[in-house]
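Subject: Structure handover

Hi,

I am passing on the structure we talked about, and my notes on it follow below. Could you have a look at the chain first and then read on?

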Amino acid sequence: MIFGRSERGKPPVEPVTLKILVAGGFGVGKTTLVAAVSEIRPLRTEELLTEAGRPVDDTTGVEGKHTTTVAMDFGRITLREDLVLYLFGTPGQERFWFMWDELSEGALGAVVLADTRRLEDCFAAVDYFERRGIPFLVGVNCFEGADRYPAQAIRQALDLDEDVPVLLCDARDRESAKEVLIGVVQHAMDYAVDRRRAVTT
């Protein structure tokens, strides 16, 4: 997409760019979601899983996974002519969590992807964003063969505040993933308005 183009007689549009993180446990679909919506070829930093990593990488429930993100995924999506999202997928394993502070700098908000087969794997991401006051929503990636639960049941299981959105999604599907990103942008805007009101009252 070429930015700065305009219709005849109209000034060029300079898009607002926003940074969104896509976080969650190992093998939950972060790389898949970024790739599904990115309008550019996504940057990936995946490496093959090795025997040396078996004692620390729990592949229970994702036995077919052979690669892992070791730094980040990066993609871009234009939601409107004047609004562009830069997507940063975080590494899932605990030994790479030191990178999260760097990646979260300047982020508008985050998506915490969850897998109902291994729901406990997203607790760390939920805690991380809650502690830092970064607005987030939980996207429940509906894997084939996994049990389906209503959003309210997921909210209770994760002990989420009522204002944290929970959306069911398919990380492979562009439209589904796009709805999740629109949801986190809307939630982040509402969060910012609520904080301003709290400061002024």
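Thr90 touches Val22, Ala23, Gly24, Lys30, Trp100 and Leu103, leaving aside residues up to four places away in sequence. Please keep in mind that this is a predicted model. Thr90 lies in the loop between β5 and α2. Is Thr90 buried or exposed? Its relative accessible area is 1%, and the cut-off for buried is under 20%, so Thr90 is buried.

One of those contacts, Gly24, takes us to the sheet. Gly24 stands opposite Leu113 in β6, and strand β1 (residues 16–24) pairs with β6 in the parallel sense over five bridges.

In what order do the strands of the sheet run? Six strands form an open sheet, ordered β4-β5-β1-β6-β7-β8, with mixed pairing. The edges are taken by β4 and β8, each with a single partner strand, so one side of each has no neighbour in the sheet. From one strand to the next, the twist averages 25°. Helix α1 (residues 30–37) packs on this sheet and touches β1, β4, β5 and β6. The direction of α1 makes about 40° with that of β4.

Ala36 has its place in helix α1. With a relative accessibility of 18%, Ala36 counts as buried. Leaving aside residues up to four places away in sequence, Ala36 touches Ala171, Arg172, Asp173 and Arg174. Ala36 and Ala177 are 141 residues apart in sequence, yet their C-alpha atoms are 7.1 Å apart in space.

Next comes strand β7. How many of the six residues of β7 (residues 136–141) are buried? Six of the six are, so the strand is largely enclosed by the rest of the structure. In a regular strand, side chains alternate between the two faces of the sheet. In β7, Phe136, Val138 and Val140 point one way, while Leu137, Gly139 and Asn141 point the other way, and all are buried.

On one side, β7 pairs with strand β6 (residues 109–114) in the parallel sense over five bridges. Here Ala114 stands opposite Val140 in β7. The chain gets from β6 to β7 by way of α3, and this β-α-β crossover is right-handed.

β7 also pairs with strand β8 (residues 166–169), again in the parallel sense, over four bridges. Val138 stands opposite Val166 in β8, and Asn141 has Cys169 in β8 as its bridge partner. Together, β7, helix α4 (residues 151–158) and β8 make a right-handed β-α-β unit.

Now to the rings, which may interest you if you look at side-chain geometry. A pair of aromatic rings is described by the distance of the centres and the angle of the planes. The structure holds six aromatic pairs. One of them joins Phe74 and Tyr86, with ring centres 5.8 Å apart and planes at 20°. Why does this pair count as stacked? Planes under 30 degrees apart count as stacked, so the 20° between Phe74 and Tyr86 makes the pair a stacked one. Phe74 belongs to strand β4 (residues 73–80) and Tyr86 to strand β5 (residues 83–89), so the pair ties together parts that are 12 residues apart in sequence. Tyr86 is partly exposed, at a relative accessible area of 27%.

Trp100 and Tyr128 make another pair, with centres 5.2 Å apart and planes at 80°, so this one is edge-to-face. Trp100 lies in helix α2 (residues 100–104) and Tyr128 in helix α3 (residues 123–132), so the pair ties together parts that are 28 residues apart in sequence. Trp100 is buried, and Tyr128 is buried too. Through ring pairs, Trp100, Tyr128, Phe129 and Phe136 are linked into a cluster.

Two charged side chains also sit over rings. Lys19 lies over the face of Phe88, 4.9 Å from the ring centre. The charged end of Arg117 sits over the ring of Phe143, at 4.5 Å from its centre.

Best wishes

Technical notes
Residues numbered from 1 in each chain as written. Predicted model: local features only at pLDDT ≥ 70, side-chain atom pairs only at ≥ 80, totals over all residues. Heavy atoms only, no water. Phe/Tyr/Trp six-rings, centres within 6.5 Å; stacked < 30°, edge-to-face > 60°. Helix = DSSP H or I, 4+ residues; strand = E, 2+ residues; numbered from the N terminus. Buried < 20%, exposed > 50% of the residue type's maximum accessible area, 1.4 Å probe, protein only. Lys NZ or Arg CZ within 6 Å of the ring centre and 35° of its normal. Pairing = 2+ DSSP bridges. Right-handed = clockwise from strand over helix to strand, strands pointing away. Axes fitted to C-alpha atoms, helices over the stretch in contact; angles between N-to-C directions. Contact = heavy atoms within 4.5 Å.
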